Amino acid sequence: METKATTPSSLSDVANSAKARKQPGSGKLGVGLEARGVHAWFGDKLVLRDVSLDFWSGTVTALIGPSGCGKSTFIRTLNRMHEFIPSAAMAGEVLLNGQDIYEPGIDVTKIRLKVGMVFQKPNPFPSMTIADNVLAGLKLAQLKTAKKDDLLEECLNRAGLWSEVKDRLNAYGGSLSGGQQQRLCIARSLAVRPEVLLMDEPCSALDPGSTLKIEETIQQLSSTMTIIIVTHNMQQAARVSDYTGFFLSDGGPGELVEVGPTNEIFSRPKDTRTENYVTGRFG
Amino acid sequence: MSTVTVKPGRPWKRTPKQVMSTVLVLLVSAAISFTAVAATEMKGKLAYLAIFFISVVVINFAENYFNRGIAAAKDSVSSSVTAAGLVIAVVPIFSILYTIFDYGRAGLNFNMFLKDMSANGPNDPLGQGGLLHALLGSFIMVGFGLLMSLPIGILTAIYLTEIKGIYSRPIRFLVQAMSGVPSIVAGLFILSAIIFPITKSSSGFMGSLALAILMIPTIARTSEEVLLLIPDDLREAGVALGGTQWRTVSLIVVPAAKSGLVTAIILGIARVAGETAPLILVSGGGDAVNANPFESPMGSLPFYIWKGFIFGTTESIARSWAGIFVLLVIIFFLFIAARMLSGSGSKK
């Protein structure tokens, strides 16, 4: 992070130098996730209007935009967590490998197994040890695995936490620091082997060191799964993502203003509102 | 090499001089209250306390007003009133505890935990007979009551906090209303709904049914409060990992609330352990040890106490006080257990 020191004005440099961009569909993991005309309501209030967005397999997509523009609501429609809120309603389609996840008769728990989620606030299960936390998904979804210890080590390794906790796997999850807890939550999501990982501002409660570690984790994971990350930190979006979508609400429902390869969004955005936002003129 | 040793201190603590001035105010107030009671027509403990309290307030007010201004003076008055409120709340509790210990002591003997009253009348000397039948009956009835009310109470709480169905509001209202139902109504309900039309005889089990009616709202309400404290983050995390709602509740939410739920159970037990009215109506209240809750009358501690007082002789009343003492000790330990269990859970 320090080596390529950046000022806020050179976000496009970060975006350009971050890594070799993946081309749409270059991954071999399948079609991925597609949102088609997604609208979302809370009660009578329309909070998200007509968002269509494709997430290619094996890429990282960052969703940026000011608070209240519907980013979080949008990613919660992608694994049907939106319906957890009693007054919520939605319209549109979300296709996972070509199948609409809102189709009647679909088993919603299976969808959430394939589309994992990491929340804004680290939320390890307080009654479980570190090891039990990682394997909690298997228990919750009643999945069987022959080699629990291998899976445990693999997931903690991929989340970049193994070396820090390998000697205290039987300590409670709550005894870890905030950044470690968040990586524990990532490991927990990985244990059920999702195809897509949704991350809702995963670093907003963390210090820069932990943030860096989680960004490294995202980089490593992106070769094997589709990652969608909501972030308020544009540096972060520029560093970790292949594609960036910009959401905005003009007081009404949030909309997707522009989406494109991250370096283009940060260096030559097509929409003036995007340009104003990424250059820090508002928002 | 010189090492500088820094001692930990508490600079915000009151200095000995400040403590002395407080003690002085209390002493002066005590002196004033003694002189006032001696010099005037007023009599009794209440007069001492009232004058003592008023003089503490006045002296503190004056001292703070002259030294630190009106805001500090008002603050001292509110502190004094708060302290007085504490004393008024705590004195009766200690008075009750002391009275029970003092009166109960006479009737206490080891023998009474081994014998029942089947061969003795309440009038017999205190060494004879005992309350084994009452102790056993109370344990059996409360135990069976708990067995019935525990699942119902906790499942009700889970319905109210997790499922949040359309019936949540009326059910929450009913549970709150039920927790205010006088206990004798629960006894009358069992009497008129089960004993008169069906069994035609009283038994320990009828007592547990009545106690269960009283325990369900206590357990349900306390459990609901506890489950509401569990953050929604955990429920969302469980569901987002592909768990069904039932598995999320049973594997994540309930274990996270475990210590609180244990407290709810103990509060439920403590709520009914001293219930007398419904047991007089439905349990029959025998004098012999009866371990079978489904047949013939069964004694209980509250019934034993009630019966002793009704009989009214010196020995029988002493027996009752000893019974109260035993009951109080049991409830006291239950509350300590509840505090310890809920305390150890919230740390981590």
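The model is predicted, so local features need pLDDT of at least 70 and side-chain atom pairs count only at pLDDT 80 or more, while totals for chains, interfaces and linings use all residues. Residues are numbered from 1 along each chain as its sequence is written, chains are lettered from A in the order in which they are written, and side-chain values use heavy atoms, leaving out hydrogens and water.

**Chain B as a whole**
- Chain B has 13 helices and 0 strands, where helices (H or I, at least four residues) and strands (E, at least two) are DSSP runs, numbered from the N terminus.
- With a radius of gyration of 28 Å, well over the 20 Å from the globule rule for 348 residues, chain B is more spread out than a compact globule. This radius is taken over C-alpha atoms, and the rule is 2.2 Å times the number of residues to the power 0.38.
- The C-alpha atoms of chain B fill a box of roughly 75 × 70 × 55 Å along the principal axes.

**A salt bridge between chains**
- A salt bridge (a side-chain nitrogen of Lys or Arg within 4 Å of a carboxyl oxygen of Asp or Glu) joins Glu236(B) and Arg76(A) at 2.9 Å, N to O.
- Glu236(B) sits in helix 8 of chain B, and Arg76(A) in helix 2 of chain A.
- Both Glu236(B) and Arg76(A) are buried; buried means under 20% relative accessible area, exposed over 50%, and partly exposed in between (1.4 Å probe, protein chains only).

**Salt bridges in chain A**
- Arg193(A) and Glu154(A) pair at 3.0 Å, N to O. This pair ties together parts that are 39 residues apart in sequence.
- Glu34(A), Arg36(A) and Asp54(A) form a network of salt bridges.
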